[in-house]
Amino acid sequence: MSTLKKNKRAKLAKKHKAYGENKPALGNSLSQRGKAKYLGGNGRKTTGITRRKFKKNLQRIRVIEDGKVVRRRVPVSLIRSGMVERPVVREPFTVDQVEADKKK
């Protein structure tokens, strides 16, 4: 195996470890007829089953990886849970306290 392939696989493995695999989960979609028993009906009958994909809610955001800011497609669940480290953005038209101290 070439070194290039090895490095590529190592990078991919690292990305999967950090953000999980972003492939959609497979499932079924049911078409049904009838009214539920608890609503006074005779029960629901399935008339068709088709395969479908449950896609993750991916957002393209800037994240910090190994001290560098990079763009990644990350699931919203990871962003909301705080598992992804995002870069700190300074407010516009403000001066950092460190810069202000240097000028004095």
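The structure is a predicted model, in which local features need pLDDT of at least 70, side-chain atom pairs count only at pLDDT 80 or more, and totals for chains, interfaces and linings use all residues. Residues are numbered from 1 along each chain as its sequence is written, and side-chain values use heavy atoms, with hydrogens and water left out.

**Fold and dimensions**

- The chain holds three helices and four strands, where helices (H or I, at least four residues) and strands (E, at least two) are DSSP runs numbered from the N terminus.
- Read from the N terminus, the order of elements is α-β-β-β-β-α-α.
- The radius of gyration of the chain is 24 Å, whereas a compact globule of 104 residues would have a value near 13 Å; the radius is taken over C-alpha atoms, and the globule rule is 2.2 Å times the number of residues to the power 0.38.
- The C-alpha trace spans about 80 × 50 × 15 Å along its principal axes.
- Of the 104 residues, 12% are buried (buried is under 20% relative accessible area, exposed over 50%, partly exposed in between, with a 1.4 Å probe and protein chains only).
- Ser31 lies in strand β1 (residues 25-33), and its C-alpha atom is 41 Å from that of Arg9, 22 residues apart along the chain.

**Salt bridges**

- Three salt bridges are found in the whole structure, each being a side-chain nitrogen of Lys or Arg within 4 Å of a carboxyl oxygen of Asp or Glu.
- Asp66 pairs with Lys14, with the closest N and O atoms 2.6 Å apart. This pair links distant parts of the chain, since Asp66 is in the loop between β3 and β4 and Lys14 is in helix α1 (residues 3-19), 52 residues apart.
- Asp66 is exposed at 63% relative accessible area, while Lys14 is partly exposed at 48%.
- Arg72 and Glu65 form a salt bridge whose closest N and O atoms are 2.9 Å apart; Arg72 is partly exposed at 24%, as is Glu65 at 23%.
- Glu21 forms a salt bridge with Lys23, the closest N and O atoms being 3.4 Å apart.

**Positive surface patch**

- Lys15, Arg60, Arg62, Arg71, Arg73 and Arg86 form a positive surface patch; patch residues have over 30% relative accessible area and no salt bridge, and like charges are joined within 9 Å.
- Strands β3 (58-65) and β4 (68-75) are the elements that give two or more residues to this patch.
- Arg86 is in the loop between α2 (76-81) and α3 (97-103) and is partly exposed, at 46% relative accessibility.

Notes:
Patches are made of residues with over 30% relative accessible area and no salt bridge: like charges are joined within 9 Å, nonpolar side chains (Val, Leu, Ile, Met, Phe, Trp, Tyr) within 5 Å. Accessible areas come from the Shrake-Rupley method with a 1.4 Å probe; for residues, only the protein chains shown count as cover. Lys and Arg count as positive and Asp and Glu as negative; His and the chain ends are not counted. The place of a charge is taken as NZ of Lys, CZ of Arg, CG of Asp or CD of Glu.
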